[in-house]
Structure formats: structure tokens, C-alpha cells
Amino acid sequence: MPSVIYIHPNGSRQTLDVPAGQSVMQAAVSRGIEEILGECGGNAMCATCHVYVEPDQLDRLPPMGDDEDALLDGAAADRLPNSRLSCQIKVTGELDGLVVRLPDRQV
Ligand code: FES
């Protein structure tokens, strides 16, 4: 099963085994990672699932869609070049070992 590494704002790392097909947001919310809210349930409508993908791993992800791009402009924490919405990242075997940093706020 692919694993995803979440880095909390305090620097601590948490590794989750994520069933393929689940999103990075769904895995975090279901395991109680509090820095990801996922208020819209993964429908690209809220931006409360904002994460920072490790820059050297960005090219492993599919390109972002227009909705994601627009929503990230309204994210609570600063948008950076490596910002993504974690509900739009579906975990697959190819993403094993993905590292995402969690922002210090989502609202
Ligand atoms: S959960 Fe709402 S945009 Fe990702």
C-alpha cells in the first residue's frame, strides 16, 4: 500500500499507509490529522485541504485544474509555488513516499 508522509507545522512527521484511490485529504481526515479540514468533502469548493508538496516531488503529481488553481488563491495560509489541494491528489502506487507539509491554518 502506498505511504504518504505528512509533516506537521511543528516539524513532526506522520506516515500513513493509504489505500490506492483515496485522496491525500481523505486519508488525513480519516486518521485524525487535524491540520486538514476538508470541509467540502473533496469537491474542490473550500480550500481547507491546502498542503505544500515537497518541491522536488511536484512533477510526480497530475497538473492542477482551473478550480484548484482559483481556490488556492483564497487559501487561509499563504499560497506558495508548491501549494496544492490535497483532495485533488489521488494516491496511487506511483505516489508512494509523497511528502506534504501541513499549513498552520486552514481558515
Ligand atoms: S476538501 Fe474542499 S477543496 Fe479540498
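**The sheet around β3**

Modeller: Happy to! Strand β5 (residues 98–101) and β3 pair in the antiparallel sense, with two bridges between them; strands are DSSP runs of E of at least two residues, numbered from the N terminus, and two of them pair if DSSP finds at least two bridges between them. Within this pairing, R101 of β5 stands opposite Y52. This is a predicted model, so to speak, in which local features need pLDDT of at least 70, side-chain atom pairs count only at pLDDT 80 or more, and totals for chains, interfaces and linings use all residues. Residues are numbered from 1 along each chain as its sequence is written, and side-chain values use heavy atoms, with hydrogens and water left out.

β3 also pairs with β4, again antiparallel, over three bridges, and L85 in β4 is the bridge partner of H50. In a regular strand, side chains alternate between the two faces of the sheet. Strand β3 (residues 50–53) is covered on both faces: H50 and Y52 are buried on one side, V51 and V53 on the other, where buried means under 20% relative accessible area with a 1.4 Å probe, protein chains only.

Stepping back, the open sheet has five strands in the order β2-β1-β5-β3-β4, with mixed pairing. β2 (13–17) and β4 (83–85) stand at the edges with a single partner strand each, so one side of each is left without a neighbour in the sheet. For β2, that partner is β1 (residues 3–7), joined to it by five bridges and running antiparallel; here V4 has L16 as its bridge partner.

Notes
Helices (H or I, at least four residues) and strands (E, at least two) are DSSP runs, numbered from the N terminus. Buried means under 20% relative accessible area, exposed over 50%, partly exposed in between (1.4 Å probe, protein chains only).
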